[in-house]
Structures are given as C-alpha cells and as structure tokens.
Amino acid sequence: MNFPQRRMRRLRRTPALRRLVAEHRLHPSDFIAPLFVREGIDEPRPIVSMPGQFQHTRQSLRAEVAELHTLGIGAVVLFGVPEHKDHAGSQAWDPDGIVQAALADLRSDFGDGIVLIADLCMDEYTDHGHCGVLDSRGGVDNDTTLEIYARIALAQATAGADIVAPSGMMDGQVGAIRGALDGSGFTQTAILAYSAKYATALYGPFRDAVDVTIAGGGDRRTYQQDVAGAREALEEIRLDLAEGADMVMVKPALAFLDVISEARRTFDVPVAAYHVSGEYSMVCAAAERGWLDGDAVAHEHVLAIRRAGADVVLTYFARRLAEAMQ
Ligand code: PBG
C-alpha cells in the first residue's frame with residue numbers, strides 16, 4: 001500500500017528552519033545570576049567547588065554586575081558572607097551588613113536598570129548554620145525566626161532591594177515579611193518565595209561558597225521539603241500565594257522538573273526555578289575531565305528547565321550562556 005509518509009525531518013533540514021520552529025529559546029533576560037559578596041576581603045576569592053564563581057569584594061561585585069548588565073542578564077540575587085557570625089545572625093539585618101552595603105552600591109551604579117534581589121535567610125549569618133534561631137533544645141524556633149526575617153526584609157528593602165527572596169522554609173514567612181514591608185511603607189517591594197525548596201545533597205558546593213557548616217552534622221530536614229514528595233510542593237506554593245508572594249520558586253530545578261511543570265499548570269504567577277550549585281558543579285567537573293561539552297550541556301539543562309515551565313531561571317551559568325548568545 002502506498003500511503004503518504006509523514007516527513008518529520010523536513011523542518012529539521014537546516015539551522016534556519018530549526019530556529020524558525022523552535023518551541024523555546026533562551027534569552028539573557030530570563031536569567032537571574034546568583035552572586036556572593038564577602039565582607040573583609042581585598043581580592044575576590046575563587047570558590048573551589050564552583051569553578052568560575054567567586055566570593056566577591058564590594059568592588060569586584062560592582063564590576064561583575066556591570067558586565068552582567070551589559071550582557072542583558074535580567075537580575076542578580078545576592079548572598080552575603082559576613083566577617084562575624086553569631087547565634088542570632090545579626091549581620092543579616094544590620095543596616096551596615098554586607099548585603100545591605102552591596103545593595104546600596106548596586107542601586108547607585110545601575111538605578112532601576114537591573115533587578116536587585118536579596119536572598120533573605122539567616123544561615124550565612126548564624127554560627128550554627130541553621131536558617132533560623134534555635135530554641136533551648138537546639139531545634140529551629142519557627143515563630144521567633146519570623147520576627148528576625150521581618151527585620152531582615154526591612155533592612156534589605158531600605159538598602160534598595162526590588163525583591164526579597166525568603167529561602168528559610170519557615171511556616172508563615174511570606175505573611176510575616178509582607179506584613180512588615182507594608183507596615184513600613186515598602187508596599188512596592190516584591191517577594192519571590194522559595195516556596196518548594198527541598199532538603200537535598202545538591203546544595204553541597206553552595207555551603208562552601210558561603211562558609212556554612214551546620215552544627216553537629218545536622219541537616220535541614222525539619223524545615224525543607226522531603227525529596228520523595230511532589231504534592232506538598234503545590235500546597236507550599238498555595239500557602240505562599242495566599243500570604244502575598246508575587247513570584248514562587250521551585251528548588252532545585254533539574255531534579256524537580258515534574259514539580260516545575262505542575263506549578264506552571266496550576267498557578268498563574270511567574271514561576272522561577274533554581275538551578276543549584278550541585279547541578280552546576282557536576283557539569284563543570286565532567287567538562288574539566290573532557291567527558292562532556294560543558295557549555296552545550298548547560299544550554300540543554302537550562303532549556304529543559306524552561307521547557308518544564310519556569311519563566312525565569314536562577315543559574316550559575318547565566319554569564320556563560322549570555323556570553324554565548326551575544
Ligand atoms: C539558604 C540557601 C541555600 C541555597 C540558597 N539559599 C542553602 C541551603 O538551603 O542549605 C542553595 C543554593 C545552591 O545550592 O546553589 N540560605
């Protein structure tokens with residue numbers, strides 16, 4: 001029998017045809033670059049487990065953001081490494097704390113030209129490495145931590161953050177932060193909630209980047225989500241939206257594409273995904289050995305995250321990918 005064969009290869013024949021019918025394309029404005037700024041150093045320090053990433057000085061951060069801005073990157077998210085850590089993480093909300101100082105620098109350099117996001121958490125600032133304050137039994141005290149998050153939000157908003165991004169996974173954190181911001185006139189400061197954040201081994205290299213060790217070999221399983229579940233992520237997102245989140249995040253990204261795609265289908269707000277340190281370092285390590293083409297794999301991974309439904313991607317590859325797109 002002679003039936004017409006469906007010729008799937010016709011539209012794959014040339015690069016121009018493939019470009020024309022591509023369902024997704026990456027653009028630098030889809031990327032949020034995570035950046036680290038460290039207090040009390042004179043030179044940027046390379047982060048060994050994250051090749052190409054640095055703990056910046058205030059000065060080198062300004063230079064880095066200038067380059068990212070020129071490349072068309074949409075936003076940066078800042079993480080601070082203070083010189084002194086303490087039990088209550090007080091440098092996180094100190095008006096002169098390192099992230100507050102860096103936000104003010106960048107606001108004065110770039111005006112409203114690039115979106116400034118501040119990660120809002122305590123683990124980089126506490127001597128025990130947890131994302132909240134401890135109670136008398138060494139557990140993380142949810143509601144006392146919320147009071148501190150509110151103070152951090154005000155310090156970051158005052159310093160010039162467009163968006164604060166609570167990443168500590170305390171119950172009620174978005175509501176507490178929204179209330180504090182509105183109560184002090186920061187009604188235009190947006191909240192990007194790390195809503196569905198999982199307790200995963202993929203954050204390993206990040207803890208080197210911010211010099212965090214959790215006291216007593218502890219972990220974050222009493223506040224971050226269990227990797228075995230996806231339904232709970234939707235409930236976390238629903239709660240954060242009810243409390244006033246403007247954007248929501250799924251983290252990590254590649255290992256949770258199912259959650260990203262479900263979140264995209266279920267909610268009508270911008271969905272961000274965090275392509276985390278471990279996902280970055282694995283590709284770098286294999287590329288260093290010549291086992292794969294790192295740039296090509298990075299492109300495919302970020303494309304997969306967008307295909308799953310993320311509107312914006314936090315990725316350490318932001319700069320490399322944007323450079324390749326110029
Ligand atoms: C907590 C925070 C972490 C990351 C972002 N914010 C670490 C953690 O929860 O242990 C991880 C990011 C990455 O791995 O790239 N403030």
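Helices (H or I, at least four residues) and strands (E, at least two) are DSSP runs, numbered from the N terminus. This is a predicted model, in which local features need pLDDT of at least 70 and side-chain atom pairs count only at pLDDT 80 or more, while totals for chains, interfaces and linings use all residues. Residues are numbered from 1 along each chain as its sequence is written, and side-chain values use heavy atoms, with hydrogens and water left out.

1. The nonpolar core. A nonpolar core is here a set of buried Ala, Val, Leu, Ile, Met, Phe, Trp, Tyr and Cys residues joined through side-chain atoms within 4.5 Å, where buried means under 20% relative accessible area, exposed over 50%, and partly exposed in between (1.4 Å probe, protein chains only). The largest such core has 105 residues, and those that touch the most other members are Phe36, Val76, Tyr149 and Tyr274. Helix 4 (residues 142-159) contributes the most to this core, with 8 residues. As general background, nonpolar side chains tend to be buried together in soluble globular proteins.

2. Helices 2 and 3. Axes are lines fitted to C-alpha atoms, for helices over the stretch in contact, and angles run from 0 to 180 degrees between N-to-C directions. Helix 2 (residues 58-70) packs on helix 3 at an angle of about 45 degrees, with the axes 10 Å apart. That makes helix 2 oblique to helix 3, given that angles under 35 degrees count as roughly parallel, over 145 as roughly antiparallel, 65 to 115 as roughly perpendicular and the rest as oblique. Helix 2 passes helix 3 in a right-handed crossing; a crossing is left-handed if the near helix is turned anticlockwise from the far one by less than a right angle, and right-handed if clockwise. Among the residues that make the contact are Leu61, Val65 and His69 of helix 2 and Ile98, Ala102 and Phe110 of helix 3. By class, this contact has 8 nonpolar, 2 polar and 4 charged residues, with Ala, Val, Leu, Ile, Met, Phe, Trp, Tyr, Cys and Pro counted as nonpolar, Asp, Glu, Lys and Arg as charged, and the others, Gly among them, as polar.

3. Helices 3 and 4. The axes of helix 3 (residues 98-110) and helix 4 come within 8 Å and cross at roughly 25 degrees, and these two helices are therefore roughly parallel to each other. The crossing of helix 3 with helix 4 is right-handed. Val99, Gln100, Leu103 and Ala104 of helix 3 meet Ala155, Gln156 and Ala159 of helix 4, a contact with 5 nonpolar, 2 polar and no charged residues.

4. Helices 7 and 8. Helix 7 (residues 231-243) and helix 8 (residues 257-266) pack at about 45 degrees, with their axes 10 Å apart, and are therefore oblique to each other. Their crossing is right-handed. In helix 7, Ala233, Leu234, Ile237 and Arg238 meet Val259, Glu262, Ala263 and Thr266 in helix 8, and the contact has 5 nonpolar, 1 polar and 2 charged residues.

5. Phe267 is placed in the loop between helix 8 and strand 9 (271-275), where Phe267 is buried, with a relative accessible area of 9%. Residues up to four places away in sequence not being counted, Phe267 touches Leu234, Ile237, Arg238 and Leu241.

6. Positive phi values. Met169, which is not a glycine, has a positive phi of about 60 degrees; Met169 lies in the loop between strand 6 (163-166) and helix 5 (173-183) and is buried, at 8% relative accessible area. Asp211, in the loop between helix 6 (204-209) and helix 7, has a positive phi near 55 degrees and is partly exposed, with a relative accessible area of 36%.

7. Ser167. The loop between strand 6 and helix 5 also holds Ser167, which counts as buried at 2% relative accessibility. Beyond neighbours within four places in sequence, Ser167 is in contact with Asp119, Leu120, Cys121, Gln173, Tyr194 and Lys197.

Note on methods. Contact means heavy atoms within 4.5 Å.
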